Amino acid sequence: MTNLRFSILTPVYNPPVEAFRACAASVFAQTATEWEWVLVDDRSTDPAVHAMLEEFARDERVTVIRRTENGGIVAATNDALHAATGAFVAFLDHDDALTPDALSIVDEVLTSDDTIDYVYSDEDKIGPDGVHCDRFRKPAWSPERLRAQNYCCHLSVMRRSLVVELGGLRTGFDGAQDWDLTLRVTEVARAIAHIPQVLYHWRMVVGSVATDIEYKPYALEAGRRAVAEHLERVGIDADLEVTEHLYVDVRRRLTARPKVSIIIPTNASRKRIWGQDVVLVEQCVASIAQRSTYDDFEIVVVHDMVDESLLARLETLVPGRLVTVPYDRPFNFSEKINLGALHSGGDHLLLLNDDTLVITPEWIEVLVAHLEEPDVGMVGPKLLLADGRIQSAGHYFRFGAHHVAGQLAADDPGPFGCLTFPAERTGLTMACVMVPRALFSAVGGLTTDLPGAFNDVDFGNKLVEHGYRLIWTPHASLYHFESLTRDPTVPKEHIVRIYQRWGHLLDAPDRYLPWFSYQVAGLAYIDDERLLTTVLDSAHHTSIPGLGEISVEMLPKD
Amino acid sequence: MADRQPATITQTAKPAHVLRDLSVMSVDELRVEVLRLRDELIGARAEIGNLRSRLEPRHRAYESLIALERSERALAGPDAEYARIARRIIGFARWALLRAPRKAVRKVLAGRRTDR
């Protein structure tokens with residue numbers, strides 16, 4: 001019985017010699033001391049590789065196992081797992097490299113909380129010219145994203161006892177065996193840690209997934225099956241297929257059809273859209289009535305200054321489903337929504353701006369389906385501007401709250417494909433979100449202290465603080481005709497209010513889309529923390545009495 | 001002439017919900033009130049969390065500063081405990097280290113005397 005902390009597991013099969021040597025050098029350069037390296041040679045045919053294995057085996061920390069027959073990556077990794085003695089196993093491919101401090105940083109994190117069963121880090125790639133590229137700034141634990149994309153990947157460190165208990169890697173998932181294992185481990189892990197630091201360099205070797213996933217098409221199918229089995233285990237009914245962007249598309253099927261209350265605050269304003277003068281609320285309700293395929297809904301219109309003829313027209317659009325709630329107080333969006341919620345009878349509340357238009361017929365089904373997971377607190381769709389560009393794909397935080405992908409093309413996949421699949425978000429735009437009624441009530445609805453801006457940021461944070469996930473999905477789309485020329489100025493007291501509550505979250509790098517945190521709105525991507533802070537400090541910070549230096553970076557105009 | 005005492009100013013504004021008489025509120029108003037109180041409670045907790053997260057780095061820096069000052073004082077003090085112990089250790093080490101060579105020197109010196 002040893003007290004080793006880490007076992008590095010490396011299946012070996014004819015690696016490029018130089019890459020293999022660099023891999024070994026990165027292991028021997030570890031600043032941590034409590035590790036062993038278990039190499040399993042899967043019947044390599046290259047004599048140079050045999051020689052190198054013999055050389056490495058002279059180090060007492062190295063165990064080399066030679067398989068009698070070629071069994072593939074799953075069998076070789078499982079052999080390494082069975083020979084391992086460390087408390088945690090770290091997976092290292094034979095042509096990749098660890099940073100020298102990789103294991104010591106992981107050790108530090110594991111020491112901080114002994115319930116952590118799984119740790120993953122950021123990674124980058126080593127190009128054919130030896131230059132590091134494609135740094136992947138990964139999200140904190142994001143289970144919805146893992147169903148679409150194996151974003152955890154390298155470096156992954158798992159508690160050995162848990163991996164053994166789960167039976168190690170499974171045959172039949174070659175090419176996606178690590179994704180399958182990650183899904184199974186995270187289903188039962190007590191705590192999962194993400195280290196936002198590159199601890200692993202993935203070498204782009206011709207024919208490897210690091211260069212192009214299309215080199216291993218069987219891996220995509222194996223990934224799809226791994227996700228399908230995971231969904232079955234966790235009780236999610238869904239149809240799956242591989243997308244054109246080579247991610248797994250999970251389309252959930254509803255197991256129940258709860259009543260949905262669509263709450264629309266309005267003052268019956270008019271606007272010119274696509275050359276036509278329209279009453280926004282009328283157009284919105286008409287699109288719900290004509291395009292929605294979901295049948296169990298009511299529409300609660302909270303109105304001020306609305307004439308009776310308009311209310312009558314709305315009733316004819318959705319006969320028997322309209323609830324009207326008069327509102328005669330000074331403008332307060334939050335108060336209107338709260339009032340609408342109190343007059344509604346649905347199990348779920350769909351909070352909707354009147355300047356929206358339904359695009360996806362199954363939009364309500366898509367939103368409801370995500371709320372079937374008990375820890376999902378709110379879900380929002382993809383919102384498009386009148387010209388078809390993205391208005392919002394959720395919020396990200398960094399020195400304020402910002403729209404994800406604001407003004408990008410509707411079909412832009414986003415960095416690392418993040419706009420092509422549903423995933424966790426730090427915040428969602430209140431122009432269209434669905435939330436369970438009970439949860440809305442439990443957290444006190446929208447705060448009336450923030451009548452216009454930031455009530456969505458506040459509401460989302462209240463849910464997150466209570467342990468709920470917020471999901472953004474591209475599977476439901478609506479137009480949101482918010483004006484590009486709208487004055488983005490927000491009263492200073494509202495900025496102070498939101499910062500009093502959530503300043504510590506708003507200023508930090510975003511939890512789920514850290515990549516965007518390094519892109520200054522409207523400027524270039526700055527992959528340097530110090531430089532970014534300097535730029536933002538000079539551009540957006542100001543001093544507010546009582547709070548000192550805070551950011552006044554507002555939501556972009558649209 | 002005696003110094004003038006500063007004026008005492010009492011703020012009379014109260015949180016809005018305190019001013020409300022529950023007995024005259026309708027059920028709907030009460031439900032709104034419950035929502036608002038829940039929001040205030042969660043908001044207050046969030047504010048505490050926010051303040052704590054902003055104060056913690058300062059608190060850590062302050063503690064480090066105090067520790068630094070304490071060690072500087074200890075280093076500067078003539079009767080510092082560390083210095084007394086250090087002198088004893090140094091003295092002991094010198095004694096232990098020199099005892100063996102001293103014996104050898106004595107032997108050499110004694111031999112020389114004999115030679116004479």
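Predicted model: local features only at pLDDT ≥ 70, side-chain atom pairs only at ≥ 80, totals over all residues.

User: Why is A:Phe454 called buried?

Analyst: Buried means under 20% relative accessible area. A:Phe454 has a relative accessible area of 6%, and therefore it is buried.

User: Where is A:Ala268 found, and what is the value of its phi?

Analyst: A:Ala268 belongs to the loop between strand S12 (260–266) and strand S13 (270–273) of chain A. Its phi is near 60°, again a positive value in a residue other than glycine.

User: How do you know whether A:Ala268 counts as buried or exposed?

Analyst: The cut-off for buried is under 20% relative accessible area. The relative accessibility of A:Ala268 is 18%, so A:Ala268 counts as buried.

User: What kind of peptide bond runs from A:His154 to A:Leu155?

Analyst: That bond is cis, with omega near -15°. Most peptide bonds are trans. A:Leu155 is placed in the loop between helix H5 (143–146) and strand S8 (156–159) of chain A.

User: Why is A:Glu36 said to have no salt bridge?

Analyst: A salt bridge requires a side-chain nitrogen of Lys or Arg within 4 Å of a carboxyl oxygen of Asp or Glu. For A:Glu36, the nearest side chain of opposite charge is A:Arg160, at 6.4 Å. Since the limit is 4 Å, A:Glu36 has no salt bridge, although it is buried.

User: What makes the pairing of A:Glu36 with A:Ser7 a polar contact?

Analyst: A polar contact is a pair of N or O atoms within 3.5 Å, where one must be able to donate a hydrogen and the other to accept it. The side chains of A:Glu36 and A:Ser7 make such a contact at 2.5 Å.

User: Where is A:Glu36 found, and which residues does it touch?

Analyst: A:Glu36 is in strand S2 (residues 35–41) of chain A. Leaving aside residues up to four places away in sequence, A:Glu36 touches several residues, including A:Leu4, A:Phe6, A:Arg61 and A:Thr85.

User: How many residues does chain A have, and what share of them count as buried?

Analyst: Chain A has 558 residues, of which 58% count as buried. The chain contains 17 helices and 27 strands.

How values were computed: Residues numbered from 1 in each chain as written. Chains lettered and ligands numbered in written order. Heavy atoms only, no water. Helix = DSSP H or I, 4+ residues; strand = E, 2+ residues; numbered from the N terminus. Buried < 20%, exposed > 50% of the residue type's maximum accessible area, 1.4 Å probe, protein only. Lys, Arg positive; Asp, Glu negative; His and termini not counted. Contact = heavy atoms within 4.5 Å.
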